[in-house]
Structure formats: C-alpha cells, structure tokens
Amino acid sequence: MHTHKLAPLAASLLTLLGCASTQEGSAMSSRIATAGVSNVEAYPIDHLALRSLIERFADAANHQDWAATEEMFAKDAVWEVLAPPPLGWTFEGRDAIRKGMAGNAERINLRVQSVTPIVVHVESPERATARSTLDEVLRFKQTGLDRRIVGTYSDQFVKQDGHWKFSRRTFRLRYDEEVFMPPSSRPAP
C-alpha cells in the first residue's frame with residue numbers, strides 16, 4: 001500500500017471539503033466507487049491530483065485551450081459522449097481527441113462548464129476511476145441557440161511518466177434543454 005506521512009491530514013482536509021465520505025462506499029456503475037476515508041488516506045496526493053486533472057480539463061475546455069487538454073489524455077485514450085446527435089460522438093486516440101475538440105469548437109460560440117461533485121477512487125498507484133457531474137451552457141454558432149446540458153462523467157485514469165492521464169472519459173447525458181439568454185447578456189459578435 002502506498003502511504004504518505006501527511007495522509008491523515010490530507011484525508012481530514014478532504015473529508016472537511018466534502019471530497020470523501022466517512023463510510024466505505026459500494027461499487028457503482030463503470031467500476032466507480034465512492035471515495036471512502038481509507039482510500040483517501042492511502043492515496044491523498046493522488047486524490048488531489050486526479051481532482052485537479054478533472055478541474056483543469058473543465059477550465060481548458062472553457063477557454064478552448066486544446067493543447068493543454070490534449071496533454072491530459074493518454075495516447076490511446078477514448079473519449080465518448082453518449083447522447084443523441086449532434087451532441088454524441090466518440091474519439092479514439094489523443095490525435096483524434098484534439099481534432100474532435102477543435103472541430104466542436106468551430107460549432108460553438110460560447111462554452112461555460114463546471115464539474116462537481118468529483119468522487120475519486122484510486123485502485124492502485126497507476127490506475128484510478130472517478131465520477132463527476134457536468135453542468136454546461138453552450139451557444140451554437142449555426143442556430144444561435146443556447147443549451148444547458150447536465151450529465152455524468154465516468155472516468156478511468158492511468159499514470160504515465162509520473163502524471164495522471166485520462167485513459168477513458170465517458171459522458172452520459174442526463175438533462176438537455178434550450179435556455180433563453182436575454183440579448184443584453186449575449187457577448188458581442
């Protein structure tokens with residue numbers, strides 16, 4: 001078991017922040033398990049690194065920083081969005097992910113996403129899973145329509161060259177609606 005001398009302090013901090021529960025969790029879909037305190041205590045630095053990776057991904061997507069986003073994926077990663085067209089797609093491999101993100105960006109004027117809560121489970125020093133909820137507002141260039149999308153990410157991670165990377169991201173759409181944004185809140189073209 002991989003432990004760190006600051007593990008009890010980190011576990012307490014994560015518990016206070018709501019990142020860990022006080023009970024051991026049961027297995028969830030897609031091999032995701034709740035982050036029980038013992039898992040946080042065993043891998044406190046990894047829990048923080050994985051949460052940071054998910055948050056950095058959302059920030060990079062919001063700012064269309066595709067170079068930063070591409071580096072967050074393993075070379076053979078898969079990213080899939082399980083939703084009806086035009087929202088659903090699958091990209092296989094880091095190069096396809098980069099091209100797909102850039103292609104999606106050409107269709108969107110505005111993207112604002114936030115991801116929370118994030119539940120991480122470290123399976124080993126090189127493998128982990130997480131589940132998070134995405135809440136996103138998009139404005140499509142072609143139609144000018146604004147959409148609010150809410151769904152669940154089930155992530156699998158691998159550690160490569162000492163850094164955590166997404167090996168698989170699966171997004172399941174749970175809620176999708178057209179939203180109205182008054183003209184005064186729209187950015188200038």
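Start at arginine 169: in this predicted model, its charged end sits over the ring of phenylalanine 57, 4.5 Å from the ring centre. Arginine 169 also lies over the face of tyrosine 153, this time at 3.6 Å from the ring centre.

Follow tyrosine 153 and you come to phenylalanine 171. Tyrosine 153 belongs to strand 5 (residues 146-160) and phenylalanine 171 to strand 6 (residues 163-179), 18 residues apart, and the pair links these distant parts of the chain. Both tyrosine 153 and phenylalanine 171 are buried.

Now go back to phenylalanine 57. Ring pairs join Phe57 with Phe73, Trp79, Trp89, Phe91, Phe157 and Phe166 in a cluster. Across the structure there are ten aromatic pairs. One of them is tryptophan 79 with tryptophan 89, an edge-to-face pair with 4.7 Å between centres and 85° between planes. Since tryptophan 79 is in strand 1 and tryptophan 89 in strand 2, the pair ties together parts ten residues apart in sequence.

Which residues of helix 5 are buried? They are Arg94, Ile97, Gly100, Met101, Asn104 and Ala105. Look down the helix 5 axis and its buried residues fall within an arc of 135°, so they line one face. Lys99 and Glu106, on the other side of helix 5, are exposed. The cover over the buried residues of helix 5 includes helix 4 (66-70), strand 1 (73-82), strand 2 (89-92) and strand 3 (108-124).

Technical notes:
Residues numbered from 1 in each chain as written. Predicted model: local features only at pLDDT ≥ 70, side-chain atom pairs only at ≥ 80, totals over all residues. Heavy atoms only, no water. Buried < 20%, exposed > 50% of the residue type's maximum accessible area, 1.4 Å probe, protein only. Helix = DSSP H or I, 4+ residues; strand = E, 2+ residues; numbered from the N terminus. Arc of directions from axis to C-beta. Contact = heavy atoms within 4.5 Å. Phe/Tyr/Trp six-rings, centres within 6.5 Å; stacked < 30°, edge-to-face > 60°. Lys NZ or Arg CZ within 6 Å of the ring centre and 35° of its normal.
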